[in-house]
Amino acid sequence: MSSSSATYRAPVADMLFVLRQLAGIDELAALPAYEGFDIDTAAAVLDECAKFNEGVVAPLNRTGDLEPPVLADGKVTSTPGFADAFRGFVDGGWQGVQHPERFGGQGLPGVLAAPCREMLNAANLSLALCPLLTDSAIEALLVAGSPEQQARYIPKLISGEWTGTMNLTEPQAGSDLALVRAKAVPQPDGSYRISGQKIFITWGEHDLARNILHFVLARTPDAPEGVKGISLFAVPKYVGGEGADDGAGEMSGEVSGEASGEAGGSARRRNDVWCASLEHKLGIAASPTCVLLYGEDKGEVGAGAIGWRIGEENRGLEYMFVMMNAARFAVGVQGVAVAERAYQQAVAYAKERVQSRDVAGSPAAVTIIHHPDVRRMLMTMRALIEAGRALACVAAAHADWAEHAADEGERRQHRRLHEFLVPIVKGWLTENANEVTSLAVQVHGGMGYMEETGVAQLYRDARILAIYEGTTAIQANDLVGRKTARDGGAIARQFLQLIGGVEQALAERIEAIGAGAATASDLAAIAGHLGAGRQALEQAVDYVLANHDRDARAVYAGSVPYLKLAGIVLGGTQMARAALKAEAMLRAQAGDAQFLAAKITTARFFADYILAQAPGLATGITTGAPGVLGLPEAAF
Ligand SMILES: Cc1cc2nc3c(=O)[nH]c(=O)nc-3n(C[C@H](O)[C@H](O)[C@H](O)COP(=O)(O)OP(=O)(O)OC[C@H]3O[C@@H](n4cnc5c(N)ncnc54)[C@H](O)[C@@H]3O)c2cc1C
C-alpha cells in the first residue's frame, strides 16, 4: 500500500507560475486597490498557507471519512480535530483572505485566494466546505446586504465566530428553484417568520462556531409564482445575545420582546430552525449534510424562525446567483484540489509499486511508472490539473479586474469574461476531478479499490462536485443560454479572438527560434491542435447561435459536450500560453529548468491527447441531436 495516503504537498511552484505568467498578478498588484501587495507577498502567503494545510488540515482528511459527524439531541458533533483545525484556519486570517479590510479581511486579490482555497480543499474537502459557504455568504452580503447588515454579519463571518450556509434545495425544488415553497411572513417590526423544509444543507448544523447564519430562499405571502417570487433571508441559528448582533436589536413590539430583548441584554435564544437528520453519503462524509426544519415551534422564539430580508423583496434568486456564482467558482477549484491530491498519491504509488518487466525489455520487474500506459494516466491527470488551475486563476483575475479596474467599461468587460468562464470552471473542472480521481484508483490497481489506501476516498469525495451548486447540465445550459446566445455570441467570439492571438504568438516564436530547435516541434504540435480546437469551438458557437431560438432541444442536446469543448479549448489555450512562457524562460535561463521543461511537455501532452478531442466534440454538438433525441420515450 502507498505510504503516501496521508500526505499532501501544496504545488506552490505551479501556483506561482500560473499567478505570474498567466493570470497577470503583477499587473493586478499595480492597481490602487492592492497597494502594498506584490509577488513576494503572494509567495509568502502561499508558503504560509501550504504549511497550515499540509500540517494541520490534511492529516484530518482520513479521520473525517472514518469518523463522520454525529447528530444527537438536535446537535451535531463534528469529526474529532475539525473544530481545532477550523479555529486555526480563522485565527490565521484565512477566512478573510480576499474579503475587504474594513470588515476584518485581508483585502488580497481573489486570484491569490483561489490557490489558497485550492490547498484547503486538497487538504480536506469536507472541512473546506464550511469556509466555502461562508465566503459565498459574505459575497451575497457585499452585493445585496444593507450597510447595517454588512457591518453586523461580515466581521463575524470573517472571524469565524459565525459561519454561513446556503439554503436553496427543498424536496421538490432541486435544479428548479422556481419550485421553492418555504414561506416568509412579514412581521410588524420589519423581520420575517420563516417556515418550511430545506434538504441537503451543507454544514447546516455543527459545533465549529458560536452561531450559524443561514441564507434562505423563501416566498412572502403575496409573492408571484416561479422565480420572480423568491426572496432571500438571513436566519441566525441563535438570535439575541450580547450586542444584539443578529439584527434582533432592530426589532420592536411582540417579536423583540419575545425574541431577545437583547437591547436590554438578555441571553441569546435558539431560533426556530432545527436539524432533523444527517444524510449518509457516498463521499465527503465529514461534511454534515442536513435536513433543516424551519417553523417547528420548538425553540425559544415561538413559531417560525426569525429572519431578515436581504435586499429587495422578490429579487432573492438574483442575489442568490451572486452567492451561487461565488460558490460555483469555488466548487470548480475544489475539483482541481481533489484531483491534485489524487495525482500526488498516484505518482507516489507508481514510483513504489514494482510489477512487470519493461515492454522494451528489462532484467527484472520495474516500478510501474516505467510502463507507458501508467505514464499516460499520470500525464492525463497532470495535464487536466494544470490546465484547470490556470483557467480558474485567469477567471479569478477577471473578477479582480471587474471589481477594481479604473475604468467602468473595463470593469464591465472583465465581469462578462469572468461570468462566461464560471460555468466552465465549475462544470469542466469538476468532471475532470471525476476522471482524475478515477485514474488515480486505476494507477493503484486492486489496492486502489481498497479503502485503507485512501485513494478510494478521493474518488468518492470528488463525485459530488459535478452535482451540487448546479449539476454539469445546469452549468452547460447557463453557458449555452445566458452566456453564449443571449449576447449573440459577443463574449464567445472574444475568447475565439484571444485564442487566435495565442496561435499567432506560437507561430512567431517558432519562427524566431527556428523549426529545428528542440522545443519548436512541441510548440508546433500545440499550435496545430490549438488551431483545430479554435475552429471546432467556432463551429459550435455558430451552431448554437443559428439554432438556439429555432430548435432549442437540438442545441441543448449538445450543451454538456459544448461546455466540455469550451473547457478543453480554453484550458488548452492556457497550456499553450504556459508553454510559450516556459520556453522563453528556459531559453533565458530564468527559473527552474526542470519545472519549465516539464511545463512544455505537459502542454504538448494536453494538445495531443486532450485538445485533439475538440473536432470530435464539435461533430456531436452540431450533428448529434437526432441520435440524442430520436428514441420515443417508450423505447427506454
Ligand atoms: C452532499 C450534498 C450537499 C449539498 N449541499 C447543498 C447546500 O448546502 N444547499 C443547498 O441548497 N443545496 C445543496 N445540495 C443540493 C444540490 O445543489 C442539488 O442536489 C443539485 O442542485 C441537484 O438537484 P437535485 O438533487 O434535485 O437533482 P435534480 O434537479 O432532480 O436533477 C436530476 C438530474 O436531472 C438533470 N436535470 C434537471 N434539470 C435539468 C435541466 N433543466 N436540463 C438538463 N438536465 C436537467 C440533472 O442534471 C440531473 O442529472 C447538496 C446536495 C448534496 C448531495
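Me: Buried means under 20% relative accessible area, exposed over 50% and partly exposed in between (1.4 Å probe, protein chains only). Is Glu-469 buried or exposed?
Reply: Glu-469 is buried, because its relative accessible area is 17%. This is a predicted model, where local features need pLDDT of at least 70 and side-chain atom pairs count only at pLDDT 80 or more, while totals for chains, interfaces and linings use all residues. Residues are numbered from 1 along each chain as its sequence is written, and side-chain values use heavy atoms, with hydrogens and water left out.

Me: Where is Glu-469?
Reply: In the loop between helix H13 (455–462) and helix H14 (472–485). Helices (H or I, at least four residues) and strands (E, at least two) are DSSP runs, numbered from the N terminus.

Me: What is phi of Glu-469 near?
Reply: Near 60°, which is positive in a residue other than glycine. Most residues other than glycine have a negative phi. Phe-200 also has a positive phi near 60°.

Me: And where does Phe-200 sit?
Reply: In strand S5, residues 192–202. Phe-200 counts as partly exposed, because its relative accessibility is 49%.

Me: Back up to the whole chain. How many helices and strands?
Reply: The chain has 21 helices and 12 strands.

Me: What share of the residues is buried?
Reply: Of the 636 residues, 58%.

Me: How many charged side chains, positive and negative?
Reply: There are 55 positive and 73 negative, and the centres of the two sets lie 3 Å apart. Lys and Arg count as positive, Asp and Glu as negative, and His and the chain ends are not counted. The place of a charge is NZ of Lys, CZ of Arg, CG of Asp or CD of Glu.

Me: Switching to Tyr-319. Which helix is it in?
Reply: Helix H10, residues 316–352. Tyr-319 is buried, because its relative accessible area is 8%.

Me: Which backbone atom does the Tyr-319 side chain reach?
Reply: The backbone nitrogen of Glu-312, at 3.0 Å. A polar contact is a pair of N or O atoms within 3.5 Å; within protein, one must be able to donate a hydrogen and the other to accept it, and residues adjacent in sequence count only if both atoms are side-chain atoms.

Me: What lies across from Tyr-319, in C-alpha terms?
Reply: Gly-145, 174 residues apart along the chain, has its C-alpha atom 9.5 Å from that of Tyr-319. Gly-145 is also among the contacts of Gln-150, when neighbours within four places in sequence are left aside.

Me: Where is Gln-150 then, and what does its side chain meet?
Reply: Gln-150 is in helix H8, residues 147–159. A polar atom of its side chain lies 3.2 Å from the backbone oxygen of Leu-142. Gln-150 is buried, with a relative accessible area of 11%.

Conventions
Contact means heavy atoms within 4.5 Å.
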